[in-house]
Amino acid sequence: MKAIGFYQTNTAKSLVSRSDLILLLNELGENGLKKACASACYYESTDEESPKRPQEDLEKPPPLKKSQLQFVVDKEQTFFWYPHKVNVVKKTVDAKPGWYQTAKPYTQADFYPKTDSKPPPHQDLCPWRRLWPFLCEALGVVRTGNNIDLPKTVQRIAESKPIRRLPMQKRLEWARRCLVLLDFDKRLFPFRTDIRRLYANLCKIRGKNGLEAAVVTDGPLEEMLYQRDGDKVSSYFRMPEVGTPVLIISDLGLFASSEKERNAWMRFGEKLRRVGLAPIVLTPAPRRIWEHNLTTLYKMVCWDHTQKIPRFTGAGTKGLQPLNSDKDKDSAGIQTLKTLLAPAIRVEPHLLRAARLLLPFNTVDAGHEAAVWNHTDVVQTYTGFFFRTEAVAKMRNRFKTDIPKELQTCLFDLIQAHHRHLSPAVTAEEKMIADLLRHGRPSKSSERYFQRSAKTLSETNPRQWPGLSAWLQRIVVQRQDRHLWQSEAMAVIWALTNRDDWVRGKIESIPQGLPPERINWVLAPKNEPEIYTLYQQGEKFVFKNRLQPNDQTAPTAGSPVIDMVSSDGILRFRENKAKPEYAINLRQPEPATFKIPNDSQLQLFTNHTEVTLQSMQKPPWAKGWGRDEKGLFLILAHGEQTHRTYWLAPGKYPVSNVTEVNFGNMDTGVYFDTANPLFEIEKGFWWDEPEFDHHLQHGFQRPEWADNFGLDRYGLYADFRVDSVVQRMRWIMPGEFMMGSPETETEPERLEREKQHKVIHTQGFWMAETACTQALWQAVMGDNPSRFKGDGLPVENVSWEDAQQFIQTINSRITDLDLHLPTEAQWEFACRAGTTTPFHFGENITTDQVNFNGNYPYNKGEKGEYRKKTIPVKSFACNDWGLYEMHGNVWEWCADWYGEYPDNTVVDPVGPNKGTVRVLRGGSWFFYGRYVRSAIRHRYEPGCRFHSFGFRLARGQTASQPSGGAGQSKPSAAVQPSSPDQKNPSKKSDLLQRVFKK
């Protein structure tokens, strides 16, 4: 059984697919499949006993091959994709670029950090001169001294108050014992240097005697590290004596993402208040995020250069309260600081502080600094943080548009200064990022650095130098934004670091924006062309290598769409011009797949093939459609008969047995190989199955009736000879066009009988490039009925019946010639040659282009010459298909009876099956300008002769056995089966047809 056709019914979709039924048929046999289908209500079971098969038929048949399956549907909502435009290009894998040949590899010493350079000093949250008076008050006590307070004494005497004891001066002194809690939680990492400096300076001005310090890392209720008198002890919080000053340097959990940390500090504050302690908190958290329940337990002071540090004069002094905050303003500050830091590949606390101080003090503060450090877009390390890959591209785009140029320059200088002590690899990477953001391209110095890095990577054993590969891998993985691939060296580095994974299929696609032509010499050095078939499989496309072994047990790959050639294994695709381009790996172990887009068009590119795919629904004039191993097909019905037409994709197709090749005045830049000529089809078409099968087997080749066969700028041509007279025939490809004239065509030139409608030609045909000449007529018939004599003039004064007699005579003389008159649809299709204007020349004509009665020009044009006779053929320029004088000179008889045009689309029309007059087309030397249009129709009795009536020969689709009214589709003769199994279908095939209600 070669092939099986399925028709999908209009019932609800079944859970049992066609492939399931085929498998059941193979496993259970005919009776088993009947019972299974009947039980599933898929088809009605009968009581008739099926005839028994011979014993040899009971053996289990071999499994069906994928190429034997056909998918046929008739639902209107089904979509199929087909090649709309195909272009074959001659490209090879590019050779190694010149810079790679000349680049010198690095040594390990070239990547060592610079020990003689140091970063700028860390900038404090607040100057020490403003901070130490506050510390003295927070950790001190007021005591009475030995000196008399003279101002108070004078005041009392002036007020006549009795003085029992002289008032003594009071002074602030350090408390004998005090407690300092230092919060080193990871969320406060940007402030650790500030906290350490504060404690170190405090020890200098106060001394360590009596100063007890506790380091908090996991909250105040967990273990903390005590340091007193040089000893370090880890224990839970030990309550100090009543009256001991307590200073806490912490955010009290305000920077934390959950309530757990804040609740812990609230319980800790309540615990201190119960024993009479009044702790003071020095916090980098701004007042806008303070909470009232914390300010009632702690006296809080904001630690930042933007805030004034208050002074506490006694234990009863009330602390500061929270401020109302603008959340939108807070978010804007965080976004601004993140955007400003986007060019840095790593951000340390001192760089974060320095970048924050570049911005106006009223837009960002220490709270924004902490918010950026703890943001979800960053990844924290022991020394700093870096931004996540998915956030980098957007942030850098905002950096280019939102940050002023002057501020950008300051930031780049700041990054360079803070990273000058690091490895040159880091500074080179940041230099390239700065160049890309400022100028859109890398500078020569940064590009040269990475060119040498690429050369080093390709020539170095990864085991001997693992750090280089890891560093470059981090660059191309974490920094995959479109700007990075402006550097050709970075593209090569990506290919070198991922080459092994690409070959194994672990990497399915190339980063967006990376041009594949820059790296194909790395990924595909062998340059071996391979053919890949594109399949449509449900909601996805699948690419499969045609040379891979065919697994009979695997499920079908889907319905084939087109074959594409690639020598680098890279497929690029783009949905439309507004969307980015993507590239995938065709050589991965599993077939490459990608989701079918929502758009109606898809562009595919390899280094040998460029294809534009379009989606379509089943045309209303087709009974069904589907795909098989030959491609996309339509099922056409003519009464009780059906036949198929296949879609031939546009592209360049080989031509064999060519006698001559002549491109005339074509552009010299067009590639053409005269030894292996290609016939380019710019627009695909539906092609009748017998002709399509012949093309698949033999391609375009010289017809048996032709003496000469060639190819020129207009297409394929073939010549036949009668005595010494040569007639050239032009190959007219199948296609579709709008027959007739639109209502918008110039009035009153248009005629009512030219109703426009769509015509589909599924059969190609040969058309004589000129009207039949008097020389050819005389060579065949032996006489010359023409009024105007001349061998090169078209024969005229012949009736439709005379033309039939001529055709019968010439066909009898040349074997397999089978000439006939063209149908009316064939004639107009050939005349228009793909145009939609009134003439194939354009919107208007002159007598320098067409032989007609110039006294009556078209559309009020200028009068021209009225020659009053015919002129030799090929006197004027031909149309785009190489046909001469399709307008004017002589009316040309067509095969059809005259009738009214239909309203709907017709396929291969042959005209009415009966009538009284025959059709003439094209106009003549005798008629006006309006009567030489492409759509003009004329008619006369078949026996009528006139000195402006001639004809043009055709070969191909015939008008025999017409089917009805004007424009009716031609009844197809019984199409020959394409396989023996279709000629004599087995009972198994009959059963499947009954199951699917064929």
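A charge sits over a ring if NZ of Lys or CZ of Arg is within 6 Å of the ring centre and within 35 degrees of the ring normal. Keep that rule at hand for the first stop.

This is a predicted model, in which local features need pLDDT of at least 70, side-chain atom pairs count only at pLDDT 80 or more, and totals for chains, interfaces and linings use all residues. Residues are numbered from 1 along each chain as its sequence is written, and side-chain values use heavy atoms, with hydrogens and water left out.

**Stop 1: charges over rings**

Select Arg644 and Phe633. The charged end of Arg644 sits over the Phe633 ring, 4.0 Å from its centre. Now select Arg238 and Tyr226. Here the charged end of Arg238 is over the ring of Tyr226, 4.2 Å from the centre.

**Stop 2: the whole chain**

Zoom out. The chain has 23 helices and 42 strands. Helices (H or I, at least four residues) and strands (E, at least two) are DSSP runs, numbered from the N terminus. Of the 998 residues, 51% count as buried. Buried means under 20% relative accessible area, exposed over 50%, and partly exposed in between (1.4 Å probe, protein chains only). Contact means heavy atoms within 4.5 Å. Among contacts between residues at least 6 apart in sequence, 71% join residues at least 24 apart.

**Stop 3: Ser250**

Select Ser250, in the loop between strand E9 (246-249) and helix H6 (259-274). Ser250 counts as buried because its relative accessibility is 0%. Show its neighbours. Leaving out residues up to four places away in sequence, Ser250 touches Asp183, Leu188, Trp265, Val281, Leu282, Thr283 and Pro284.

**Stop 4: helix H13**

Select residues 424-439. The expected span of a helix is 1.5 Å times one less than its number of residues. For the 16 residues of H13 that gives 22 Å, and the end C-alpha atoms are 22 Å apart, which agrees. Twelve of the 16 residues are buried, so H13 is largely enclosed by the rest of the structure. Among the buried ones are Pro424, Met432 and Leu437. Step past the helix to Gly440, which follows H13 and has a positive phi, near 80°.

**Stop 5: aromatic rings**

Rings of Phe, Tyr and Trp (its six-membered ring) pair if their centres lie within 6.5 Å; planes under 30 degrees apart count as stacked, over 60 as edge-to-face and the rest as tilted. By this rule the count is 46 aromatic pairs. Select Phe189 and Trp373. Their ring centres are 5.0 Å apart and their planes at 5°, so the pair is stacked. Phe189 lies in the loop between strand E5 (178-183) and helix H5 (192-206) and Trp373 in helix H10 (residues 366-373), so the pair ties together parts 184 residues apart in sequence. Trp373 counts as buried, at 1% relative accessibility.

Next, select Phe829 and Trp881. This aromatic pair is edge-to-face, 5.1 Å centre to centre with 65° between the planes. Phe829 is buried, with a relative accessible area of 6%. Then find the aromatic cluster that includes Phe788, Tyr856, Trp891 and Phe949.

**Stop 6: confidence**

Colour by pLDDT, the predictor's confidence in each residue, from 0 to 100. The chain mean is 81, and 81% of residues reach 70 or more. Among the elements, helix H22 (residues 980-983) has the lowest mean pLDDT (33) and strand E41 (residues 949-951) the highest (97). Finish at residues 969-998, where the pLDDT is below 50; beyond near neighbours in sequence, this stretch has 68 contacts in the model. Where pLDDT is low, the predicted coordinates should not be read in detail.
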